[in-house]
Amino acid sequence: MTKYIRAKQQRKKSKVKENKTEYAVMIGPYKVNDFYHGDALELLTFIPNNSIDLIITDPPFGIDFKHNMGFYNRKQSNVMYGYKEVRKENYYEFSLKWIKESWRVLKANGSIYIVSGWTNLKDILNAIDNTGFNLINHIIWKYQFGVYTKKKFVTSHYHILYCVKNPKNYTFNKIENYPEDVWIINRDYQPNKVKTPTRLPEKLVEKIILYSSKEGDIILDPFAGSGTVGVCAKKLNRNFICFEIVKEYVELAKYRLTHGDFPKEEKTKKIEEELPLFTK
Ligand SMILES: C[S@@+](CC[C@H](N)C(=O)[O-])C[C@H]1O[C@@H](n2cnc3c(N)ncnc32)[C@H](O)[C@@H]1O
């Protein structure tokens with residue numbers, strides 16, 4: 001190869017590099033692919049109209065949730081404090097507020113998946129109706145274990161309400177031939193890892209993303225907890241914006257995003273020194 005050709009190739013290469021300058025995608029004041037600390041009811045108001053492709057969220061359920069209980073034989077010391085709940089008497093008003101905002105920020109062909117327990121399901125369903133969303137599926141997510149009961153059946157399912165703005169135009173990638181509305185997906189076990197009290201399995205979130213979005217789409221989770229939606233969005237080449245009111249959970253989600261995993265128990269102590277992970 002002559003010197004001339006080599007130099008020409010070199011110039012070509014550096015041109016490609018130069019043109020590769022990446023600009024951060026902004027949605028209102030938010031740079032995509034990050035977790036933001038604050039109250040979703042307030043942070044949502046800064047997102048412009050019609051800017052989000054898909055919302056996947058698992059809001060607080062409005063129950064007296066003992067956030068630090070050692071449910072499911074979990075070691076209590078690994079479960080992070082601070083989970084923020086909403087009072088039952090305010091639940092409808094709270095749900096209506098954030099679901100209305102979700103309608104405003106979703107694109108005309110956008111979709112929303114809302115995870116709900118059964119206790120305050122009616123409030124979520126009423127808020128969906130009163131906002132104008134079209135319910136496409138009422139999915140049942142069956143998981144492998146529930147909290148032991150003495151005189152009633154053990155709850156081992158959640159509801160997932162799949163809604164769209166426009167039933168004539170929305171993304172649905174039919175990746176299975178016969179996609180049923182009962183999903184049997186186990187909760188992830190993370191022994192000896194720091195965790196938040198509730199967390200969606202990655203498999204479940206990935207399924208939603210694959211069915212209802214395309215690569216490069218923007219996914220929003222206003223109630224991010226440990227950041228499962230953001231982590232799965234990144235894995236599947238989608239963009240995301242996530243909000244969470246507990247600062248320590250935001251730090252955990254950021255850790256999980258960059259390290260691909262939760263911190264181990266031993267590491268927790270170290271992180272605790274750097275970031276105030278536990279608020280007691
Ligand atoms: C059910 S958890 C979400 C769990 C999450 N899907 C995961 O996989 O880790 C609900 C989260 O909403 C947060 N939250 C409650 N009220 C909030 C608010 N007004 N704004 C933002 N986050 C809130 C809670 O602190 C909690 O972490």
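**Sheet, packed helices and ligand shell**

Helix α3, which spans residues 91-105, lies across strands β4, β5 and β9 (218-221), and runs at about 150° to β5. A further helix, α4 (residues 121-131), also packs on the sheet in this predicted model, where helix α4 touches β5, β6 (134-142) and β7 (157-164) and takes a direction that makes about 5° with that of β7.

The sheet on which these elements are arranged is open and is formed by eight strands, whose order is β3-β10-β9-β4-β5-β7-β6-β8 and whose pairing is mixed. The edge positions are held by β3 (34-37) and β8 (182-184), each of which has a single partner strand, so that one side of each is left without a neighbour in the sheet. On average, and with direction ignored, neighbouring strands of this sheet are turned by 20° against each other. Within the sheet, strand β4 (residues 52-57) pairs in the parallel sense with strand β5 (residues 106-116), the two being joined over five bridges; for I55, the bridge partner in β5 is I112.

With regard to the ligand, the surrounding shell comprises 21 residues, of which A40, F223, G225, S226 and T228 are the closest. Two elements, α2 (40-43) and β10 (239-244), are those that give two or more residues to this shell, and β10 is also one of the strands of the sheet, placed between β3 and β9 in the strand order. When the shell around the ligand is divided by class, eleven residues are nonpolar, while five are polar and five are charged.

Conventions. Residues numbered from 1 in each chain as written. Predicted model: local features only at pLDDT ≥ 70, side-chain atom pairs only at ≥ 80, totals over all residues. Pairing = 2+ DSSP bridges. Helix = DSSP H or I, 4+ residues; strand = E, 2+ residues; numbered from the N terminus. Axes fitted to C-alpha atoms, helices over the stretch in contact; angles between N-to-C directions. Contact = placed C-beta atoms within 7 Å. Near = placed C-beta within 6 Å. Nonpolar A, V, L, I, M, F, W, Y, C, P; charged D, E, K, R; others polar.
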